[in-house]
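Subject: The structure I promised you

Hello,

Here is the structure we talked about, ready for you to open. Have a look at it first, and then read on for what turned up.

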Amino acid sequence: MAESPAFESPVVRSYESSSGGPLMLTDASATTKWLVRAETGGAAADRMDAPFGSSRTAGGGAFVMGSRPGEWIVTGPADAVAEVVAGLDGVDSSEFVTALDWTHGRALFLVTGTDAPRMLEKVCSLDWSDAMTPNGAVASASVAKVTCDIARYDGDSAPTYMIFCDRSFGQYLFDALIDAGDEFGLAVGLPNG
Amino acid sequence: MTMSRLGPQPTEVLDRSTKLRFRWNGKRFDGFEGDTIASALAAAGEHVFSRSMKYHRPRGILTADYWDPNLMVQVGDDPNVRAGNRLLEAGMDVRAQNVWPSLHRDIKAANSLFGRFLTAGFYYKTFMRPAWLWPTYERVLATFAPGGKIDLDTPHRYHDKRYTHPDVVVAGAGPAGIEAALAAAAAGARVLLVEHEHAVGGHLRYSSSDSDQAVLAELRAALDASEVEVLTNSTVTGRYEDNWLGIVQRNHPIAVERLIKARAKVLVAAPGLIERPYVFSGNDRPGVITSGAARRLINLWGVKPGERAVVFTANSEGDAAAADLDRVGVEIAAIIDGREGKRVSSAQGSSRALGAVVAGGNRIEADLLVVAAGWTAPTSLLNMAGDRPVHDPATARFFPSDPPGNVLATGGLAGDGTLDELRAHGAATGRLAAQRAAAVAHRLQAMTARARPVDGDEPAWAPDERTPLGRDPHPELYRSDTHGMVDFSEDVGSKDLVAAAHEGYDSVELAKRYTTSTMGPSQGKLETVNTVAAIAEARGETIAQVGTTVWRPPYAPLTLGALAGRVFEPVRVSSIHPWHEANGVSTIIAGQWMRPDHYGDPAAEVRNVRTNVGLIDVTPLGKLDLRGPDIPKLLNLLYTNKWSKLPVGKVRYGMMCAEDGVVLDDGVTGRLGEDHYLMTTTSSGAGGVWEWVENWLQTERPDWKVHVTPVTTAYVSINVAGPKARELVGRVTEGVDLSPDAFPYMEVRLATVAGVDGCFMWRIGFTGELSFEIHAPSGHGLHVWEALMDAGQDLGVGPFGLEGQRIMRLEKGHFIVGQDTDGLTLGPSTGLSPLIKLDKDDFAGMPELAWAADRSLPMIVAIQPDDPNVVPDEASQIVRGNTNEILGRITSARMSPTLGRSICLGQVEPELAAGGTKVTVLLTSGERVSATVMDHHAHFDPAGERLRG
């Protein structure tokens, strides 16, 4: 059996990329993403430990987002994500739990920098203040007229916003974000994930 | 009126080291950096800037700011530019609007000769009859339409948009507004301060008082040191529900305009006061200006507004203007003090310039009349918040009455006082705004899942304990003992308003619409009070009794570009799109999708599929991943046919109907595992079907264990069609026996294709050919497509697009939901009655379909024109013989490359549905052609031997 080919990003245009800058846009579409659904308030929800609107970092760098009531997006290194998903196996079988690999269905972009909220204000009507969208916050919103899931994950650096959208919109949204960030000196980072 | 440039003034905003050259009506002029268009022209001695709308009277500077109705000009291809506000730029081509042949010799000024016939309602009364002449009237009247010229070839400019959620928005950056912003920010609020003019400071900017300038410097420094976000040359254009504010920013560095949508927790209205013109004979003559205009011209732009002035003053602003004029060497011919009951009766002179002022029976030679007759309180934002300001005759202006608690007023809008008192009121307002904003913020955080959790109870709603501002007495000066202009934008005089009132239009709302007073670009800021006063006078009542019009958004006119903002037009593409573009695709827009229509010759693409093998990218095909033990129940509910016994590995076609029995969508669903299915929908129905499914699950059957996930673009979908499809697919597929017996029609397998694991492969297609539909993970979709293309070169593989597929599906007789069906097409009309299982317990649309089962319904049928070369336009009507009685229509029509003749699908009345029936098709050309209804939908391979191959 031949080895699986490399992941093809939805962002196919070429950009001058930068290894760093005060405001960065990075294509992380290749990052593993799973969608988990379970009963709100059930044992699986307890294991996911990220109520709707919040998130947590799990072992190995996996990131668990409470994207909707009874729904979670798990993203990060493939092994770490697999471990989080595997952790659901022990849940009582009477509870209805499903998980599916969403890696190919969703584009993922990272916007990093202190000016990121000002940039995102141009394309999204969310309140990006620390009070309403603190580190760890998860929301769904229209970004440049595309329905997206959004999570704030600052890590040790400046504010970082993870923006997930349907893969087919990926190139359009990437360009819309570049346009929004232009006035703040946005640089395009090397793809990661 | 002789205007000229003064020497440097201590408060001027000019950079005299930067000279800007521009053109005015074709002639060269110079100004300085910091000039407005109007100030530069005034400094150069120009005193006529426009012609009035109706009478084409020469008009000069009136207020020298954004609101000046006489300073509308064309700049390049930009019409209706406010020369009193727009800063001068080098190279500007500025022209007067709607004049012919020139500003100074305007033929349309002949209108003024007929002025007494052009009273309010003239157009309504005159051009009603005869009705047949209206087109001519319209053409002629259009030439008199005011405003600049729009160049339809003007390139689109960048208009930006922004959303923001400040705690406090302060509208107006005069001293009170600045203090409010500073105090709110000091209390921890996020504050947005919006100023209409180019700089903060309000009236302090053009004050020549040293103490005022010291305060201004102090306020500016405090703002610089604060966290307040300041927007200048920006306007809060509207206040909507829950303090949803529209703000237009006109000076953004990268956009011609930016529309900001702000959700403020508290709005502070601090727009200051707007100086009100005085109504008297000749008040629109060039040379008659407000006191604020005089002070702005002198102190901001170093322009001497005249040589010999009469000052009509009823307040301190007028007094200060007189002092400024005197200081810069303007001879003060007379000061007429309105506080002493004195009045100006008329301004006389040539049509283009003031010569004398008549007051108290005396005629005073002068080229400048400065008027300080009172103030209009621009209560617009309060009106928009539901407040109904009340008129105070003692101060001759309106005051807020009872705005909602999240809208506060300060500054001149709230009352009068010393500068210190105004600042103190502003600061108290800012503190109150911050307190109330904190309560709103607490509430919002508590109710929003993602927000930072809040501690403690919601803060109490802070009471309004501000010390009210006073009210300085001011004489009621609206109209003198003569009539004059009330609305300078619309050329409406006090005589017109009196006449309107006498005609019965004595309600202010009616009179406004009848005369159009207050409806011009100034939006009532200069005219409203005088309009109401004129009507009150005509009715013999007070202003309070007459009431006022309700100011609605926008506070100031804004461009359509600003409203449109940035145009977001999302487009969707599949992973294979780059290949299509590189291979000569002709793209078709289908919803948001960019899809391959064809690659140059759709007919050749069809022939290749029928002969060899072709690939089509059908990624937009809707795909829903279904998981859970109750999926069969769900499918039985959604589809008209039965799903309880679909084995793993099998695929079944289904038709969905809405509750009214009308066809909603169709597609195939395959069982991938015990509790795992993949449903496909039409491409256009993908979103709607997902909502439909979720609606049933969430509202009707929340107890069912089914999870539905849209995976349309998680998979690239490639249909491999043609007699050589099996051979091609076999070359790149591992782990699946593709033989007809092992993998027959309407089955599904999990496969590895071109080294990509996790591909679903279906034995289905829309072309009527042997087909394998491969759904590969999108991140490897292009690789799979290219692998198939490479592997099939010797087989004659080629791409085909949507057009080729549409031809082949029509040859095969497959209908398309939404094209061959419509909003009235019931399930049985499709010819698929055997799939409507009325013996099921229940399904969506079952009662209607049970009713329909006993009815004769229009039917979808295959039709062939008797002349094989005639291809009717889609939607051509099927009629009875030579009559126009409609019996159906053509829903799809193409020339079939396979059959060499035209083929159609259509909907016909039941009496025509039998095979062999002759029908008449009325072509769009008007010609009638004969056609024959076929025995079955398929024009080609009706037995289905090829697709089962």
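Buried, in what follows, means a relative accessible area under 20%. By that cut-off Tyr555(B), at 8%, is buried. Please keep in mind that this is a predicted model.

Let me begin with chain B as a whole. Its secondary structure comes to 22 helices and 51 strands. The C-alpha trace spans about 110 × 75 × 55 Å along the principal axes. For 949 residues, a compact globule would have a radius of gyration near 30 Å, whereas chain B has 38 Å. Buried residues account for 59% of the chain. Among contacts in chain B with a separation of 6 or more, 66% join residues 24 or more positions apart. The accessible surface is about 37000 Å², and carbon and sulfur atoms hold 52% of that.

Now back to Tyr555(B) and its surroundings. Over all chains, 19 aromatic pairs were found. One of them joins Trp67(B) to Tyr555(B): the ring centres are 5.6 Å apart and the planes stand at 75°, so this pair is edge-to-face. The two partners are 488 residues apart, with Trp67(B) in the loop between β5 and β6 and Tyr555(B) in the loop between α13 (543-546) and α14 (560-564) of chain B. Trp67(B) is buried too, because its relative accessible area is 4%.

With a relative accessibility of 2%, Gly60(B) counts as buried. Leaving aside residues up to four places away in sequence, Gly60(B) touches His47(B), Phe49(B), Asp68(B), Asn70(B) and Pro286(B). To give you a sense of scale, the C-alpha atoms of Gly60(B) and Phe743(B) are separated by 87 Å, and the two residues are 683 apart along the chain.

A few more ring features may interest you:

- Arg296(B) lies over the face of Tyr206(B), 5.0 Å from the ring centre.
- In chain A, ring pairs link Tyr15(A), Phe109(A) and Phe174(A) into a cluster.

Next, the nonpolar cores. Which residues have the most contacts inside the largest core? They are Phe22(B), Trp24(B), Ile37(B), Ile61(B), Val94(B), Leu325(B) and Val370(B), in a core of 47 residues. Helix α1 (residues 37-43) of chain B gives the most to this core, with 6 residues. Trp24(B) is worth a look on screen: beyond residues up to four places away in sequence, its contacts include Phe29(B), Leu41(B), Val73(B), Val94(B) and Leu103(B), along with Glu46(B) and Arg95(B). A second, separate core has 35 residues, among them Ala754(B), Leu782(B), Ala787(B) and Leu795(B).

Then there is helix α21 (residues 802-812) of chain B. How many of its 11 residues are buried? The count is 10, and the helix is mostly covered. Its buried residues include Leu802(B), Ile807(B), Met808(B) and Leu810(B), and also Glu803(B), Arg809(B), Glu811(B) and Lys812(B). What covers them includes the strands β32 (586-590), β33 (593-598), β34 (614-617), β48 (886-896) and β49 (901-908), together with helix α16 (602-611), of chain B. Just after α21(B), Gly813(B) takes a positive phi of about 85°.

I hope you enjoy browsing through it.

Best wishes

Key. Residues numbered from 1 in each chain as written. Chains lettered and ligands numbered in written order. Predicted model: local features only at pLDDT ≥ 70, side-chain atom pairs only at ≥ 80, totals over all residues. Heavy atoms only, no water. Buried < 20%, exposed > 50% of the residue type's maximum accessible area, 1.4 Å probe, protein only. Contact = heavy atoms within 4.5 Å. Phe/Tyr/Trp six-rings, centres within 6.5 Å; stacked < 30°, edge-to-face > 60°. Helix = DSSP H or I, 4+ residues; strand = E, 2+ residues; numbered from the N terminus. Lys NZ or Arg CZ within 6 Å of the ring centre and 35° of its normal. Core = buried A, V, L, I, M, F, W, Y, C linked by side-chain atoms within 4.5 Å. Rg over C-alpha atoms; globule rule 2.2 N^0.38 Å. Areas by Shrake-Rupley, 256 points an atom, 1.4 Å probe, with all protein chains shown as cover.
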